[in-house]
Amino acid sequence: MHIHRYEKIWLWSGAVCLTLFLLIVGVSAFAMGNQPPSHMETIDPEKAVTTPPFDNPGFTKVGEKEYEAVMLAQAFTYTPSKMSVPKGSTVHFKVTSTDVVHGFEIPSTNVNMMITPGYVSEISYTFTKPGKYLILCNEYCGAGHQVMAVTLEVTA
């Protein structure tokens, strides 16, 4: 069977790209331990306010300069509405939504996730600079979307 030279080039190019893609995914997953974000834990969004730990959302100290923020996103607000940590603290955010899709972004950091009803989203971040950090909804969620924000204060 005769294969034209250009067909051979395209076949080899495709094979090289596929091999490179699988190699990158394999190294990323098995050697570096990267996993797809979130969606590992699910919850009934209609029962979120009665299901632990979201039945008592809040901000708790779990270790030396380590905190856990269990948060509910709903109708233009986050619960709890204020948080404060000392500089150098790591905060583990655990967030779910009871109504619609919301965003969860802290500008000037790499904290940015989508909060989907029925899923528990988690992310951790270490705050190394003092100041006030705004937690914003970056997914349009309705008429009051622009007021959906929480302040996290990092003290010196």
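Hi everyone, let's start with Ala75, which is partly exposed because its relative accessible area is 47%, where buried means under 20%, exposed over 50% and partly exposed in between, with a 1.4 Å probe and protein chains only. This is a predicted model, in which local features need pLDDT of at least 70, side-chain atom pairs count only at pLDDT 80 or more, and totals for chains, interfaces and linings use all residues. Residues are numbered from 1 along each chain as its sequence is written, and side-chain values use heavy atoms, with hydrogens and water left out.

Back to Ala75. You will find Ala75 in the loop between strand S3 (66–74) and S4; helices (H or I, at least four residues) and strands (E, at least two) are DSSP runs, numbered from the N terminus. Ala75 is not a glycine, yet its phi is positive, about 25°. Ser108 also has a positive phi, about 70°, although it is not a glycine. Ser108 sits in the loop between S7 and strand S8 (112–115), and it counts as exposed because its relative accessibility is 79%.

While we are on the backbone, which peptide bonds are cis? One of them runs from Pro52 to Pro53, with omega near 0°, and Pro53 belongs to the loop between S1 and strand S2 (58–63). Another cis bond goes from Thr79 to Pro80, with omega near 5°. Pro80 is in the loop between S4 and strand S5 (82–86).

Now for the rings. How many aromatic pairs are there? The count comes to five, taking rings of Phe, Tyr and Trp (its six-membered ring) as paired if their centres lie within 6.5 Å, with planes under 30 degrees apart counted as stacked, over 60 as edge-to-face and the rest as tilted. Tyr78 and Phe104 make an edge-to-face pair, because their planes stand at 90°, with the ring centres 5.8 Å apart. This pair links distant parts of the chain, 26 residues apart: Tyr78 is in strand S4 (residues 77–79) and Phe104 in strand S7 (residues 102–105). Tyr78 and Phe104 are both buried. Phe127 and Tyr133 are an edge-to-face pair too, at 4.9 Å centre to centre and 65° between the planes, and both Phe127 and Tyr133 are buried. Ring pairs also join Tyr78, Phe93 and Phe104 into a cluster.

Phe127 brings us to Ser89. Setting aside neighbours within four places in sequence, Ser89 is in contact (heavy atoms within 4.5 Å) with Lys65, Tyr67, Tyr125, Thr126 and Phe127. Ser89 lies in strand S6 (residues 89–97). Is Ser89 buried or exposed? Ser89 counts as buried, because its relative accessibility is 0%. A polar atom of its side chain lies 2.7 Å from the backbone oxygen of Pro86.

Val120 is another one to look for, in strand S9 (residues 119–127). Val120 is buried, with a relative accessible area of 3%. Its C-alpha atom is 5.8 Å from that of Thr42, although Val120 and Thr42 are 78 residues apart along the chain.

Let's finish on the outside. Together with Leu20, Leu23, Ile24 and Val27, Met32 forms a nonpolar patch on the surface, with about 500 Å² of accessible area in all.

Note on methods. Patch = residues over 30% accessible without salt bridge, like charges linked within 9 Å, V, L, I, M, F, W, Y side chains within 5 Å. Areas by Shrake-Rupley, 256 points an atom, 1.4 Å probe, with all protein chains shown as cover. Salt bridge = Lys/Arg side-chain N within 4 Å of Asp/Glu carboxyl O. Polar contact = N/O pair within 3.5 Å; in protein donor to acceptor, adjacent residues only side chain to side chain.
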